[in-house]
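Take a walk through this structure.

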Amino acid sequence: MIPPVRDQAASATRTYARPVSDLLAARWLFGLSLVFHIVFAAVGVAMPLMMVLAEWRWRRTGSAAHHALARAWAKGTAILFAVGAVSGTVISFELGLLWPRFMGFAGAIIGMPFSIEGFAFFAEAIFLGVYLYGWDRVSPRVHLASGALVAASGAASAFFVTLANAWMNSPAGFALAAGAPVDVRPFVAMFPPGWAHEVLHVLLSSYVATGFAVAGIHALLLLRAPGSAFHRAALGIALGVGGVAALAQPLSGDLSARQVAETQPVKLAALEGQFETERGAPLRIGGLPDAERMETRFALEIPRGLSLLAFHDPDAEVKGLTAFPREVWPNTRLVHLAFQVMVGLGTLLAGLSALYLWYAVRRREPPRLLLRAVVAAGPAGFVALEAGWLVTEWGRQPFTVWGVLTTAASVTPVQDLKVPLVAFVLLYVLLGAVTAVLLRRQIASHAGDAAGGGARGGGRVP
């Protein structure tokens, strides 16, 4: 039986009182690590799929453009995979060093998905090696299959990590005795309420973010070289993957929002800036929540919209923040704004995807204005992805494990965490700069190839 959130928050705050600066430093350090790593994690999910689709297209049609594209994307995937392996290793150490009480509490409960994720990571690394070095050493079927296994392993890795996060949002599979977990049921914990919605949302967001980032690069280069079959092929695959995912994402978001309404109603209230409990609650677009005045100012309100979306009943009751103890409120303004950014950019990308797919279905060349829009929207997927992650993590505060373990009770007793915070910021700046240089050289080299010869006409390869 999980204690009421009011009792748990108050007890944890008394037991593990810490200087605010150390707790914030730990949160900043881990948060920045995840902000950095999530980019490479998303690329590791989506880029192998696009790489395999390019090779499949080449083997099916003999298109030189798709052959060059598969090789180019394979090299880019390798670069990003290497950096992601480094940043992911840092996070695994930080989990134990920054949050030992969380790992001590949760390790026996959610250790299984973390362990399986490790196997998925190693499988991805092995098959990526086969793919990179097996072009002329293994049969075409084996090579294509190895690429498909890279894509499947990347998706599996994200799947199992997201299961652990889903458990943190909706803990299950254990009971509490004297504050310690007992009667642990690992399979129940691995698949807590709402796991499918969260996994689907994360996977789709990875395909959207990566697809539009890659599409933005190739749309820019296609504007400079309109005759390039290489960039036209890349744009088609990238927007095919990212666009289909973007159109499916609102449906996934609806499922996720309904799950939040059921299991984390205080989080839903923060997302929507809903302070008072009411029936027929409005849906707010924009606005700034003001916790002191207990209202969300400057918002455009759609009558009964929130009740309809959250419960599929326009007259359903939505609990406001005032229905919960003030000490379990997340930072309402930050959560609401991050949510608005995520939804707004997701809607924009879905609309852009629908427009591009309209041209694609009719086999018409996208106009230059649409290509410019794709270029401008290139970073939007990753901005929405980061905003969505912030919504998940900020919205769960002040808990690490919702209703069970607070963030203050999870953090390390070690002090002076500002020093490693600065050190890791410098590390991420260095890694980011090196990655940017390597990718720029990679893109420039293949841009030159596409503009100058073999892939330009889309000819066949023997």
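Arg59 and Glu55 form a salt bridge, with their closest N and O atoms 2.7 Å apart. This is a predicted model. Both residues sit in helix α2, which covers residues 20-61. They are four residues apart, about one turn of the helix. An α-helix has 3.6 residues a turn, so residues three or four places apart point the same way. The two partners differ in cover. Arg59 has 31% relative accessibility, so it counts as partly exposed. Glu55 has 0% relative accessibility, so it counts as buried.

How many salt bridges does the count come to? It comes to seven. Another of them joins Glu393 and Arg396, whose closest N and O atoms are 2.5 Å apart. These two lie in helix α13, residues 380-396. They are three residues apart, so about one helical turn separates them. Glu393 and Arg396 are both buried.

A further salt bridge links the side chains of Arg293 and Glu295, at 3.0 Å from N to O. Arg293 has 48% relative accessibility and counts as partly exposed. Glu295 is also partly exposed, with a relative accessible area of 30%.

Now step back to the charges of the chain as a set. There are 36 positive and 27 negative side chains. The centres of the two sets lie 12 Å apart.

Next comes the overall build. The chain has 15 helices and ten strands. Its radius of gyration is 23 Å, close to the 23 Å that the globule rule gives for 462 residues, so the chain is as compact as a globular protein of that length. The C-alpha atoms fill a box of roughly 70 × 45 × 40 Å along the principal axes.

How is the chain held together along its sequence? Take the contacts between residues at least 6 apart in sequence. Of these, 78% join residues at least 24 apart. Of the 462 residues, 50% count as buried. The accessible surface of the chain comes to about 21000 Å². Carbon and sulfur atoms account for 67% of that surface.

Some helices show the cover in detail. Helix α9 spans residues 265-272 and is mostly covered. Seven of its eight residues are buried. Among them are Val266, Leu268 and Leu271, and also the charged side chains Lys267 and Glu272. Just after α9 comes Gly273, with a positive phi of about 65°.

Helix α8, residues 229-263, holds Ser256. Is Ser256 buried or exposed? At 17% relative accessibility, it counts as buried, because the cut-off for buried is under 20%. Which residues does Ser256 touch, leaving aside those up to four places away in sequence? They are His197, Glu198 and His201.

Phe122 gives a contrasting case. It lies in helix α4, residues 100-133. Its relative accessible area is 52%, so Phe122 is exposed, since exposed means over 50%. Phe122 and Ser157 are 35 residues apart in sequence. In space, their C-alpha atoms are 9.6 Å apart.

The loops hold the last stops. Most residues other than glycine have a negative phi, and most peptide bonds are trans.

Met294 has a phi near 60°, a positive value in a residue other than glycine. Met294 lies in the loop between β5 (288-290) and β6 (295-297). Its relative accessible area is 29%, so Met294 is partly exposed.

Arg363 has a positive phi too, near 55°, and is likewise a residue other than glycine. Where is Arg363 found? It is in the loop between α11 (332-361) and α12 (368-377). At 80% relative accessibility, Arg363 counts as exposed.

From Gln397 to Pro398 the bond is cis, with omega near 15°. Pro398 sits in the loop between α13 and β9 (399-401).

Note on methods
Residues are numbered from 1 along each chain as its sequence is written. Side-chain values use heavy atoms; hydrogens and water are left out. The radius of gyration is taken over C-alpha atoms; the globule rule is 2.2 Å times the number of residues to the power 0.38. Buried means under 20% relative accessible area, exposed over 50%, partly exposed in between (1.4 Å probe, protein chains only). Contact means heavy atoms within 4.5 Å. Accessible areas come from the Shrake-Rupley method with a 1.4 Å probe; for residues, only the protein chains shown count as cover. The place of a charge is taken as NZ of Lys, CZ of Arg, CG of Asp or CD of Glu. A salt bridge is a side-chain nitrogen of Lys or Arg within 4 Å of a carboxyl oxygen of Asp or Glu.
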